[in-house]
Each structure stands twice: as structure tokens, then as C-alpha cells.
Amino acid sequence: MKRRYMMKNNRKNTKKKYSTPPNKGGRSGARQKHPAANPTQQKPVSKPKKPKKQQSADTPHTQNIQWFPGHMTKTKRQIERDLRLVDAVAEILDARIPTSSRNPDIASLTAGKPRVILLNKCDMADKKATRDWVNALSSDTVRAIPVDCKSGKGVEQFVPALSELLADKIDAYHKKGMLNPTMRVMIVGIPNVGKSTFINRIAKKNKAQSADRPGVTRGNQWFTVAKGFEMLDTPGVLWPKFDDQTVGERLAFTGAIKDNIMDIELLAIRLLDLLKELKTPAFIERYSLTEDDLALPSYELLAVIAQHRGMLISGGEPDTERAAATVLDEFRAAKLGRITLEFP
Ligand code: G4P
């Protein structure tokens, strides 16, 4: 499906004038502190040179990321149509950003349907934060389970969670004499949360024999997940809505939005705002950071990271662009630790 991303970056006003107040507030701000690393292991470093361009500490700065997905209404209608055919919905979120990776329309679109929330990529998320999310999201009609679809960890909990959610419905069929009812499920989620990875992992190869079943739209393909459970083979792709710029940024941090259309130095600086607060040992050790480094404004911290990694341009100046790409890549590969950026 074609997606169009756009970023408006008012370069006139924002030309590398980074101001990076740590994000301390807000519903989804990084509020929990990770245990700090042992400061005795940290090397002293020379003070970084100021980056080439003039910096300003008092210019509020965020990237104005705008995303114009095509065919949004059409797809939403398609999802609404398909939802009529299913008994339950499986909603996939990114466990590192469960708020930002959620389409706010899901609740209304799926109203009345039992829902399993899969907190995917939990291998890259903080374990305690994931447990807190599981508790916060679970309710009578919702089961939240942490999964790592890449390795398959946790995926085995999916069918039991569905059975539990649909127990009354299955029971009602039994009472009517239908001993082997088939329950149908649909996967929904924003791009890149791991819908295809999940489907590939859970698909039993046999396509369901659905053509002669009443209510099943011609063209919809179903596959068997387990005895009595079928899943629609095309996931419902919904887009995140980010009126709030932090949502866009967090999707960019995790790689859900391509960063080649953004100012990656600025993006890395915003990520460093959060990483400085979380202080994961892996982050501190990987870049040999001292407490003094962590107290620096993030644009200076980026220069320190460039120096520590030997990323220099002619004249010995820190190559902050290269360092920015490295920080983003290493965050996305979980080399800076298992990091959750949003908390319930
Ligand atoms: P989508 O259908 O929702 O768009 O997502 P998709 O399954 O394509 O997954 C997007 C990326 O996320 C893929 O990486 C996939 O491997 C990765 N991924 C999915 N689930 C997990 C998980 O539980 N843990 C981790 N660590 N990664 C996960 P990619 O780099 O785009 O592709 P590939 O190189 O892995 O093939």
C-alpha cells in the first residue's frame, strides 16, 4: 500500500537552533528512570567543541511532521465491512510506544468486539513497563499479551487468550447444538508494528474452506490459526494520527516513519532528550558517557557521542550527522537497551 509521508521543517526559523528541554511531562512522556549505570566505569572526556552552526538554548524546537496517508477513508470503510465478519479483533501495538502506535479510531471501529492487544516487539521494550502496560490495557473484553513475533515468544498465548475472551459465545453455540463453531479474527494495526510477521508466524499453511460459509465475503481469504479459529489473511492497516508532534517523533524514533525525509540530527537530539532521562546502562556504556555528559544539552551530547566514536569531519569537528544516524540505528536495534518511551 502506498504511503506518503511529509515533513515540514521550517528551516529558516529552525536552522540547527536546537533547544532540547528534557521531556518530563505529558501523558506519554518518559517518566520512569532506569537504574543509572555505575559512574566509576565512565571515562573523562574533553569538552566538545560547539557544533559548527550557531546554537541557541532558547529556541523551542520540534519537527513539524505531517503525514498524508492516501486512501484512508476507503481503507477504514473496508475495515468496517470486514469487522462485521469477525468475532474478535487482534490489535497489534509496538510495546515501546503503545500510545503512539495506536490508532485512536480503533476503539470506536471495534466497539463491541472482544479484542486481544498484542504488545509486539517486547524483546526491545523494558520488561517492567510492558508488564504495566499489560495490566493497564486488560479488561473484561480486552486481553493484552506481550509478544516477540520475530522469535515467536509469547505468540502461543494468543489462541488461549482468544478462547477465554470468546468463551461465552462458544458456549452459546454449544448450547444450540453447534459443537464445532468457527471463530474469526481480524488483525489491525498501524504500518510497521509487525502485523505480517505475526500472521506469518501464526498461519497454519492450510487456507480455510470459506467459500460456502454464509456471511463470508467473496475474495476474503481466511487461514486456520488453531482448531475452531480462523484469521483474515490481510491485516487492517490503520494510520496513526499525530496531531501531537511527539507521536510523530516517537514513530520516527522506532523507524515506523522513514527518517530519510527528516532532519536526522534534530530527531536524534529529541531521542537523546529521552535517553538522558532514562539513563539505561547500555546507552551510557556504549557511548562512554559521564554524569557531566548526561547533563549537557542534547545537541552537545550528540557532539560528545560523535567524538567518543571518533566520528570527525575535516578540522577535527564532530560529525554530528553521522552520530545522529548511529544513535537512531542503535536505538532501533535495541543496542541502547530495552527501552520503552511511553508509560501507562
Ligand atoms: P507490518 O506488517 O505491520 O507493516 O510490519 P512487519 O511485519 O513488516 O514488521 C516490520 C518490521 O518489524 C520488520 O523488520 C520485522 O522483522 C520487525 N519485527 C516484527 N515483529 C518484531 C518483534 O517482535 N521484534 C523485533 N525485534 N522486530 C520485529 P524489517 O527490518 O522491516 O524487516 P526484516 O529485515 O526483519 O525482514
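This is a predicted model: local features need pLDDT of at least 70, side-chain atom pairs count only at pLDDT 80 or more; totals for chains, interfaces and linings use all residues.
The protein chain has 344 residues, of which 39% count as buried. Its secondary structure comes to 13 helices and nine strands. Among contacts between residues at least 6 apart in sequence, 77% join residues at least 24 apart.

Strand β5 is mostly covered, with four of its five residues buried. Strand β4, residues 115-120, runs parallel to β5, and five bridges join the two. Between these strands the chain passes through helix α4, residues 127-137, and this β-α-β crossover is right-handed. Proline 146 lies in β5, which spans residues 142-146. Opposite proline 146 stands leucine 119. Proline 146 has 21 other C-beta atoms within 10 Å. The cut-off for a buried residue is 20 or more, so proline 146 is buried. Beyond its neighbours within four places in sequence, proline 146 is in contact with Ala95, Leu119, Cys122, Thr130, Val134 and Gly154. Asparagine 120 is 26 residues away from proline 146 in sequence, yet their C-alpha atoms are 6.1 Å apart.

Serine 151 gives a contrasting case. This residue sits in the loop between β5 and α5, residues 158-165. Serine 151 has 10 other C-beta atoms within 10 Å. A residue with 12 or fewer counts as exposed, so serine 151 is exposed. Lysine 121 is 30 residues from serine 151 along the chain, and their C-alpha atoms are separated by 9.6 Å.

The largest nonpolar core has 44 residues. Those with the most contacts inside it are Ala88, Val116, Leu118, Leu119, Leu162 and Val185. Valine 185 touches several parts of the chain. Leaving aside neighbours within four places in sequence, valine 185 is in contact with Val86, Asp87, Ala88, Val89, Ala90, Leu162, Phe229 and Met231. Another core lies apart from the largest one. This other core has 36 residues, among them Phe253, Leu267, Tyr299 and Leu301.

Strand β8 pairs with two other strands. Strand β6, residues 183-189, runs parallel to β8 and is joined to it by three bridges. Here valine 185 stands opposite methionine 231. Strand β7, residues 222-226, pairs with β8 in the antiparallel sense over four bridges. Alanine 226 has phenylalanine 229 as its bridge partner in β8. Together β7 and β8 form a hairpin with two residues between them. Glycine 228, in the turn, has a positive phi of about 85°. In a regular strand the side chains alternate between the two faces of the sheet. In β8, residues 229-232, Phe229 and Met231 point one way, while Glu230 and Leu232 point the other way. All four are buried.

The buried residues are Ser298, Tyr299, Glu300, Leu301, Leu302, Ala303, Val304, Ile305, Ala306 and Gln307. They pack against α9 (264-278), α11 (291-294) and α13 (320-332). Just after α12, glycine 310 takes a positive phi of about 70°.

Most residues other than glycine have a negative phi. Lysine 279 has a positive phi, near 50°. This lysine 279 is found in the loop between α9 and α10, residues 281-286. Serine 288 also has a positive phi, of about 50°, although it is not a glycine. Serine 288 is found in the loop between α10 and α11. Lysine 279 is partly exposed, with 17 other C-beta atoms within 10 Å. Serine 288 counts as partly exposed too, because it has 17 C-beta neighbours inside 10 Å.

Notes
Residues are numbered from 1 along each chain as its sequence is written. Two residues are in contact if their C-beta atoms, placed from the backbone, lie within 7 Å. Two strands pair if DSSP finds at least two bridges between them. A crossover is right-handed if, with the strands pointing away from the viewer, the path from the first strand over the helix to the second runs clockwise. A nonpolar core is a set of buried Ala, Val, Leu, Ile, Met, Phe, Trp, Tyr and Cys residues joined through C-beta atoms within 7 Å.
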